[in-house]
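The model discussed here is predicted.

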Amino acid sequence: MSARLRILITGFGPFPGAPFNPTQALVARLKRLRRPALGDVELIGHIFHVTYATVDRELPLLLAKHQPQALLMFGLAGRTAHLRVETRARNAVTTLWPDADRTRARKGSILSDADARMFGPHTAKLLRVAVGTGIDARASRDAGSYLCNYLSWRAIEAARTDNGPRLAAFVHVPLLARGGTSRRKGMPRITLEELVDAGEAMLLEMVRLTRQAARTS
């Protein structure tokens, strides 16, 4: 591994039913971070258009161009009020909901006769540091069957190759509070600032874990 660590941070754009995707703002804020622990780290940000074809085309190109040692991915889970650190990718694709180009998957699985793919034990450490910021964060075994799960599957696939990233992680974020209100009665909402704090903690932990993995490989 070269002296300069490279971390690819990704989010998604809007999609049907979600005209605002907070991961765009989150990735932009994380990419601008300036911390001593990030002094020798190159942060690469990317926003995926929410289509299967985009993921299949752009993820390999990003990995080949930047050769990141770690991949930290974010996606929106609009029906969840808390942060979800995903522990696995399911071998599932929805045939009900179209992507942002109105394309529907033709079959309900990514591969035939394949089990779910696990991210690894590092997800527990990412969860711990996120919780440490005060945010409501929980582990999740179900990344859904839409683009977030599909990207997770492809990222784990890439991390298993010889030249792929050492670590990959996917975090689902909820819809954010708007207008500065974070705790409306009956509808608790996380603010962007809280999300950035948790994202920063997870990013710094990802840097630490990636360096640790490099030393032990």
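Axes are lines fitted to C-alpha atoms, for helices over the stretch in contact, and angles run from 0 to 180 degrees between N-to-C directions. On that basis, helix 3 and helix 5 pack at an angle of about 145°, and their axes are 8 Å apart. The crossing of helix 3 with helix 5 is right-handed. On the helix 3 side, the residues in contact are His 122, Lys 125, Leu 126, Arg 128, Val 129 and Ala 130; they meet Ala 198, Ala 201, Met 202, Glu 205, Met 206, Arg 208, Leu 209 and Gln 212 of helix 5. Sorted by class, this contact comprises eight nonpolar, two polar and four charged residues.

The other helix pair to consider is helix 2 (residues 52-66) with helix 4 (residues 147-159), whose axes lie 11 Å apart at an angle of about 30°. Angles under 35 degrees count as roughly parallel, so helix 2 is roughly parallel to helix 4. Their crossing is right-handed. Helix 2 contributes Tyr 52, Val 55, Asp 56, Leu 59 and Leu 63, which meet Leu 147, Tyr 150, Leu 151, Arg 154, Ala 155 and Ala 158 of helix 4. Nine of the residues in this contact are nonpolar, none is polar and two are charged.

In soluble globular proteins, nonpolar side chains tend to be buried together. Here the largest nonpolar core has 36 residues, and the members that touch the most others are Ile 7, Ile 9, Phe 74, Leu 83, Met 202 and Leu 203. Two or more residues come from each of several elements, including strand 1 (5-12), strand 3 (70-76), helix 3 (122-132) and helix 5 (192-216). Helix 5 supplies the largest share, nine residues. Leaving aside neighbours within four places in sequence, Phe 74 is in contact with residues that include Ile 9, Phe 12, Leu 26, Leu 30, Val 171 and Met 202. Another core, of 31 residues, lies apart from this one, and Phe 48, Val 50, Ala 89 and Phe 170 are among its members.

Not counting residues up to four places away in sequence, Val 50 touches Phe 12, Gly 13, Pro 14, Phe 15, Asp 99, Ala 100, Tyr 146 and Leu 147. The C-alpha atoms of Val 50 and Gly 11 are 9.6 Å apart, although 39 residues separate the two along the chain.

Methods: Residues numbered from 1 in each chain as written. Predicted model: local features only at pLDDT ≥ 70, side-chain atom pairs only at ≥ 80, totals over all residues. Heavy atoms only, no water. Helix = DSSP H or I, 4+ residues; strand = E, 2+ residues; numbered from the N terminus. Parallel < 35°, antiparallel > 145°, perpendicular 65-115°, else oblique. Left-handed = near helix turned anticlockwise from the far one by under 90°. Contact = heavy atoms within 4.5 Å. Nonpolar A, V, L, I, M, F, W, Y, C, P; charged D, E, K, R; others polar. Core = buried A, V, L, I, M, F, W, Y, C linked by side-chain atoms within 4.5 Å. Buried < 20%, exposed > 50% of the residue type's maximum accessible area, 1.4 Å probe, protein only.
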